[in-house]
Amino acid sequence: MEEEFNLSNQKIFDVLVMGGLGHIGLPLGLVFAQKGLKVCLLDIDENKTKLVLNGIMPFIEYGAEEVLKEVLGKGNLKVSKDISDISRAKHIIVTLGTDVDEYFNPQTKKLIDTMVGIKKYLDSSQILIMRSTVYPTLCRQLSKKLEGINIAYCPERIVQGYAMREIPLLPQVVSGFNERAIKDATELFSKISPKIIETSVEEAELVKLFTNSLRYLQFATTNQFYTMATKLGCDYNKIRKTMSDGYERVYSLPSPGLSGGPCLIKDTLQLKAFDNGHYLLGYSAMMINESMPNFIVDELSKKYDLSKKKVGILGMAFKADIDDIRDSLSYKLIKLLSFHSAKVSCSDEFVRDASFVSKEELIRDSDIIIVGTPHSAYKTISIPENIHLVDLWGIIQNGKEYKRWERV
Ligand SMILES: NC(=O)c1ccc[n+]([C@@H]2O[C@H](COP(=O)([O-])OP(=O)(O)OC[C@H]3O[C@@H](n4cnc5c(N)ncnc54)[C@H](O)[C@@H]3O)[C@@H](O)[C@H]2O)c1
């Protein structure tokens, strides 16, 4: 494939994605390559590089592997760890995130330093497009450090696992610090997005953060309702169903569940840091969502001596039908159960771990089962009545027709 690309200093790539083998960078690069653009995926991860060059997706992204094989075959895709490839691209799309440290402070300096580090490969003919979710004002700070470079901010809003389906469907928010950046980013994203919405850069940063944080608040609301209903001995999923029966105003209430993952909490914490700690709603949401495993284990420990129980956790990924365990609250369950000396076993449909058992074995050997992730495969399994089942999502129907009110 190398020979398809003339490795001179000319702009031979239409798009270079920095962080191109990540959950956001890889599907985006594939969608552009499928449109016939020459795409370079720049990444430091050697394992993922090997897999992708062999046409294998390093993580679950539905519909991506076929496209990967197709664009590799057509010679539209290059995978690189050579940072100087940045100078050979017309558009540089950055999908490196802003982490939050153990004291909840966004690590903006790390991303800014990385970007300053690539300045020598950038020139005024290129467009630098930030796509990560960023701390508010980060893009403007960056524009001051990278004077003379055309910078746009076009946040990614797909749901992980379904990017290939959603990229062509979702409107793309486009913003930038000059006309040239906005015009070029608009032209580029018009090739893959059905609609472009132009805003200011700061508005675009908040659009992305508010979207994720709203979702996190919704989960916290329903989770808190769940804990209140459970304390009263009521079936919260039945309550939800009754609330929404013929009553549309409640339709946006999602099911309770474990809200983990790398995005929602991080982005809520970025807003909290930005607002000098005044984002009390966000802080409360974090306390509620993060304490759901504690609530589950506390309730169980009131009923049982957990040191004498075998507890199975069904589902370890941070959300349904994917293989990503980043910040999954199932792992917090293991930790809390171990404080009670319970014997814990784990199972997952997609996450590969030699210590995990099959769902059949887990069901056979557990006194208590906690659903950690509502994988679709659990819709049709049966859990014997002698097993204590904790299923916040209400996904286990024990052979009945599946009628759960799905999270939207
Ligand atoms: N995952 C999601 O569902 C989602 C959705 C919307 C937005 N986002 C945002 O997108 C950003 C990226 O998230 P992600 O889930 O793709 O992360 P990820 O960890 O899957 O991907 C990041 C990639 O960057 C690579 N990388 C790290 N440092 C690098 C460097 N210096 N040069 C080149 N490559 C480097 C890593 O090897 C990795 O492949 C975050 O800001 C996140 O908040 C994520």
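**Note on a predicted model with a ligand**

1. In helix H1, the buried residues are Gly 25, Leu 26, Pro 27, Leu 28, Gly 29, Leu 30, Val 31, Phe 32 and Ala 33. Buried means under 20% relative accessible area, exposed means over 50%, and partly exposed is in between (1.4 Å probe, protein chains only). H1 spans residues 25-34 and is mostly covered, with 9 of its 10 residues buried. Helices (H or I, at least four residues) and strands (E, at least two) are DSSP runs, numbered from the N terminus. Just after H1, Gly 36 has a positive phi of about 95 degrees.

2. On the basis of the values: the model is predicted, so local features need pLDDT of at least 70 and side-chain atom pairs count only at pLDDT 80 or more, while totals for chains, interfaces and linings use all residues. Residues are numbered from 1 along each chain as its sequence is written, and side-chain values use heavy atoms, with hydrogens and water left out.

3. The protein chain is divided into domain 1 (2-199) and domain 2 (235-390); these bounds come from an automatic or database domain assignment. The C-alpha centres of domain 1 and domain 2 are 33 Å apart. Between them, 17 residues of domain 1 are in contact with 16 residues of domain 2, contact meaning heavy atoms within 4.5 Å.

4. The ligand has 23 residues around it, and those that come nearest are His 23, Asp 43, Lys 48, Gln 160 and Lys 266. A residue is near a molecule or strand if one of its heavy atoms lies within 4 Å of it. Domain 1 (2-199) and domain 2 (235-390) each supply at least three residues of this shell. By class, the shell has 8 nonpolar, 8 polar and 7 charged residues. Ala, Val, Leu, Ile, Met, Phe, Trp, Tyr, Cys and Pro count as nonpolar, Asp, Glu, Lys and Arg as charged, and the others, Gly among them, as polar.

5. Which atoms of the protein lie 2.9 Å, 2.6 Å and 3.0 Å from an oxygen atom of the ligand? At 2.9 Å there is a backbone N or O atom of Ile 24, at 2.6 Å a polar side-chain atom of Asp 43, and at 3.0 Å an N or O atom in the side chain of Arg 326. On its own the ligand has 830 Å² of accessible area, of which the protein covers 82%. Accessible areas come from the Shrake-Rupley method with a 1.4 Å probe; for residues, only the protein chains shown count as cover.

6. Val 17 lies in strand E1 (residues 13-18). Val 17 counts as buried because its relative accessibility is 0%. Leaving aside neighbours within four places in sequence, Val 17 is in contact with Gly 25, Gly 29, Cys 40, Leu 41, Leu 42, Ile 93 and Thr 95.

7. Ser 143 is part of helix H5 (residues 138-145). Its relative accessibility is 18%, so Ser 143 counts as buried. Not counting residues up to four places away in sequence, Ser 143 touches Ile 151 and Phe 177.

8. Most residues other than glycine have a negative phi. Thr 137, in the loop between strand E5 (127-130) and H5, has a positive phi near 80 degrees. Thr 137 counts as partly exposed because its relative accessibility is 30%. Asn 276 also has a positive phi, about 50 degrees, although it is not a glycine. Asn 276 sits in the loop between helix H10 (264-274) and helix H11 (280-290) and is exposed, with a relative accessible area of 65%.

Definitions and conventions
Polar contact = N/O pair within 3.5 Å; in protein donor to acceptor, adjacent residues only side chain to side chain.
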